[in-house]
Amino acid sequence: MRPYPSRPVAPPHPSRPAARPYPSGLRAARPYPGSRRAVAGLAAPAAALLLLLGAACPAVAADGEPDRDFTIEDPRITESSGLAASRLHPGIYWTHNDSDDGPYVFAVDSRTGKTVATVTMRGVGEPRDVEGISIGPDGDIYVGDIGDNLDGTWSHVWIYRFPEPKTLRDTTVTATQYDVQYADGPRNAESLMVHPKTGRVYIASKNEDGGGLYEGPGKLTTGSMNVFRRVGEVPWVTDGAFSPDGRSLALRSYFSARVYAFENGRLGESRAVAAPFQRQAESVTYTADGSALMFGSEGTRSGVVRVEVEGGGKPDGSGGTGDGQEQGKPAGNGSPGQGGSAGQEDDGKGSVGLGAAIIIGVGALWFALRRKRGQG
């Protein structure tokens, strides 16, 4: 990571070069020489393996309806690290790249997976490690430049803020920049959440031994440091989001997710939610109506997976705290890579099991091919 930079206000970023198109395709593999009997003998295990692998690969929802499983098609978005459901445009999700990609935020249409607007932020200096995004009750988009992979190197981090555009088109906006410090010292974080009723900003730190939930001041200010204070303990967290009614807070990690009751600025009881198996599980947000959680991942053409939430995001479906049991179910086509559960336990054993099954299946097919070649 680069040494700590001075923080001059950067001039407007030049226009980005056009993204390179995807390759036109791969050459078809030559058929394996051998008898028809050998090929027929491999048909069943190959079909089974293809079904298993297909279940782990994201795809755009066939029905084309908003807020379903979708794949981010934009080749510029390779490290989608945060998600926020638009308040103005149904079916649109705002995202951004991780690290120092630049001052860009993308609007992605969940019906097609295509980027329909690119927002360039000006007046904020050079982003360093953008990790989270959220929308406040005022309709403003908050972007968290809060990452610190060296776990405590940066003396302060930044939050950027601008109104959600009313028209979806490429545009440049002047964003407000806030300086942020933690009361108990620097730390790494990937989760930025704005409460949908109070507008107060929260950050969840990331640590292998468990992180903390940090509460910002009642109102962020420019020209002075905004101090965030620890108000709760959380597990390893890669992203989080409040339900639209503000009564629940969802936090996810690489292999699991939990929904916490949230009242008077404090965490209550929690329950596990089925999280999908993804290549690098990074982001989560509620749908605008609170009926489901959308789980995102980093990587080229990464998938976003809808998981139904019983009770519209309330911990037990009726406004109570629930019994701690896992709830929520996958939507879309129900495949594990798109909307399937990572497993029935909060520690992600089901996700690991799926990965192991795929590896075993690949190995079995490889040995079968070797055996058939030896016989033929």
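Residues are numbered from 1 along each chain as its sequence is written, and side-chain values use heavy atoms, with hydrogens and water left out. Because the model is predicted, local features are reported for pLDDT of at least 70 and side-chain atom pairs only at pLDDT 80 or more, whereas totals for chains, interfaces and linings use all residues.

Strands are DSSP runs of E of at least two residues, numbered from the N terminus, and two strands are taken to pair if DSSP finds at least two bridges between them. On this basis, an open sheet of 5 strands is found in the order β2-β3-β4-β5-β9, with mixed pairing. Strands β2 (80-85) and β9 (171-174) stand at the edges of the sheet, and each has a single partner strand, so one side of each is left without a neighbour in the sheet. Neighbouring strands of this sheet are turned against each other by 30° on average, direction ignored, the axes being lines fitted to C-alpha atoms and the angles running from 0 to 180 degrees between N-to-C directions. Within the sheet, β4 (residues 104-109) and β5 (residues 115-122) run antiparallel and are joined by 5 bridges; Y104 has T120 in β5 as its bridge partner.

Strands β6 and β7 pair in the antiparallel sense over 4 bridges, in which S134 has Y142 of β7 as its bridge partner and G132 stands opposite G144. The hairpin of these two strands has 4 residues between them, and G139 takes a positive phi near 85° there. On its other pairing, β7 is joined to β8 in the antiparallel sense over 6 bridges, and Y142 has R161 of β8 as its bridge partner. A189 belongs to strand β11 and is buried, with a relative accessible area of 0%.

The structure holds 12 salt bridges, each defined as a side-chain nitrogen of Lys or Arg within 4 Å of a carboxyl oxygen of Asp or Glu. One of these joins R161 to D138, with the closest N and O atoms 2.5 Å apart. R161 lies in strand β8 (residues 157-163) and D138 in the loop between β6 (132-135) and β7 (140-145), so the pair ties together parts that are 23 residues apart in sequence. D138 is partly exposed, with a relative accessible area of 40%. A salt bridge is also formed between the side chains of R200 and E215, at 3.9 Å from N to O. This pair links R200, in the loop between β11 (189-194) and β12 (201-205), with E215 in strand β13 (residues 211-215), 15 residues apart. R200 is partly exposed at 24% relative accessible area, whereas E215 counts as buried at 15%. R306 and E308 form another salt bridge, with the closest N and O atoms 2.7 Å apart, and R306 is buried at 8% relative accessible area.

The structure holds 3 cavities of 30 Å³ or more, and about 160 Å³ of space lies in the largest cavity, where grid points are joined across faces, edges and corners and a volume is the space filled by probe spheres set on the points. This cavity is lined by 19 residues, of which R87, S134, A241, F242 and T285 are the closest to its centre. The elements that give two or more residues to the lining are β2, β6, β11, β15 (239-242) and β19 (281-286). By class, the lining has 13 nonpolar, 5 polar and 1 charged residues, where Ala, Val, Leu, Ile, Met, Phe, Trp, Tyr, Cys and Pro count as nonpolar, Asp, Glu, Lys and Arg as charged, and the others, Gly among them, as polar.

Note on methods
Buried means under 20% relative accessible area, exposed over 50%, partly exposed in between (1.4 Å probe, protein chains only). On a 1 Å grid over the protein atoms alone, a cavity is a set of points where a 1.4 Å probe fits but cannot get out, and a pocket is an open set with protein on both sides within 12 Å along at least five of seven lines; lining residues have an atom within 4 Å of a point.
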